[in-house]
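Let's take a quick tour of this protein.

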Amino acid sequence: MGILENYINIVMNFIDLNNSYIYLNPNENNCWRVAIKSILLDVKENTYYYLTKECRAELVGVKPFDHPAKSELCVVVDSNNNRWNIRDIPVFKFNEFGSHYYKFRKDAKDEILIKNCDYKIIDFNNINKRLKQRNLESLYTKFSYEYQNKEFIIFNKAEYLNFDGKKNKEREYLQTIYGYVPFLKDNKIFISYVVRYLEKDKQGDLEFRLRTNQKINRYLPLSNNFIKRIIKKILFFSSPLIKISEFYEKINIDKSKIEFYEKIN
């Protein structure tokens with residue numbers, strides 16, 4: 001990953017996630033502004049994928065939640081003016097790439113307003129020390145990895161951190177998890193969670209959970225209860241007609257790099 005390491009180490013001026021937005025449908029009656037939550041960079045293609053803040057289905061009017069759909073919408077816009085509207089319905093979603101659930105719009109003309117700011121790298125020991133002192137403010141992560149013969153970078157704000165809260169240094173670790181981030185697989189965009197475990201001299205794989213459609217019986221635990229076994233059998237035979245859209249599929253990447261950043265005031 002030499003090329004990727006060189007690239008990521010020299011990038012100190014990057015997108016300010018707190019002050020960058022996308023205006024969707026800018027020249028239509030219903031235009032809306034959305035915050036950019038995370039970024040995926042396809043290094044070879046030099047294409048940025050901007051994942052915006054998720055939203056529930058809404059009507060524009062006095063009763064917004066009277067919308068007949070109860071779905072969640074995630075919008076991904078790339079730097080080539082393409083847009084994906086990805087709608088999630090928890091059950092009875094037969095085709096996750098159907099036109100209603102995964103709508104692709106080419107040359108969308110959305111307005112991507114990017115502001116940059118300066119970041120500096122913050123190391124593992126410094127993060128742990130400041131977490132224990134409760135004086136660590138905004139923290140950002142860059143994940144660098146290879147998948148399907150491509151190099152990728154993901155950039156997001158570290159909003160959830162696990163660490164050792166004891167004052168001693170017997171076992172210091174960091175585990176950062178974030179959702180949502182865009183994930184490119186087989187040339188399709190998935191909504192996913194990302195997680196990575198770190199110790200001072202040890203690290204885990206970079207792991208993703210992709211939201212995909214799965215048969216309902218995969219979510220049913222084994223049970224010795226007779227009634228529960230009957231219910232499971234019924235659901236098993238009916239499962240081709242019933243699917244759950246959930247963060248089920250796991251992808252492990254054993255060669256990756258993580259760097260932590262904070263803004264330079």
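## Starting at N213

N213 sits in strand β16, which covers residues 203-215; helices (H or I, at least four residues) and strands (E, at least two) are DSSP runs, numbered from the N terminus. N213 is buried, at 12% relative accessible area, where buried means under 20%, exposed over 50% and partly exposed in between (1.4 Å probe, protein chains only).

## About the model

What you see is a predicted model: local features need pLDDT of at least 70, side-chain atom pairs count only at pLDDT 80 or more, and totals for chains, interfaces and linings use all residues. Numbering runs from 1 along each chain as its sequence is written, and side-chain values use heavy atoms, with hydrogens and water left out.

## The whole protein

The protein has 3 helices and 18 strands. Of its 265 residues, 44% count as buried. Take the contacts (heavy atoms within 4.5 Å) with a separation of 6 or more: 62% of them join residues 24 or more positions apart.

## Two cores

A nonpolar core is a set of buried Ala, Val, Leu, Ile, Met, Phe, Trp, Tyr and Cys residues joined through side-chain atoms within 4.5 Å. The largest one here has 39 residues, and Y145 and F208 have the most contacts inside it. Strand β14 (residues 173-185) gives this core its largest share, 6 residues. There is also a second, separate core of 21 residues, including I36, V43, Y48 and Y261.

Back to F208: beyond its neighbours within four places in sequence, its contacts include Y145, I154, V181, F183 and I253.
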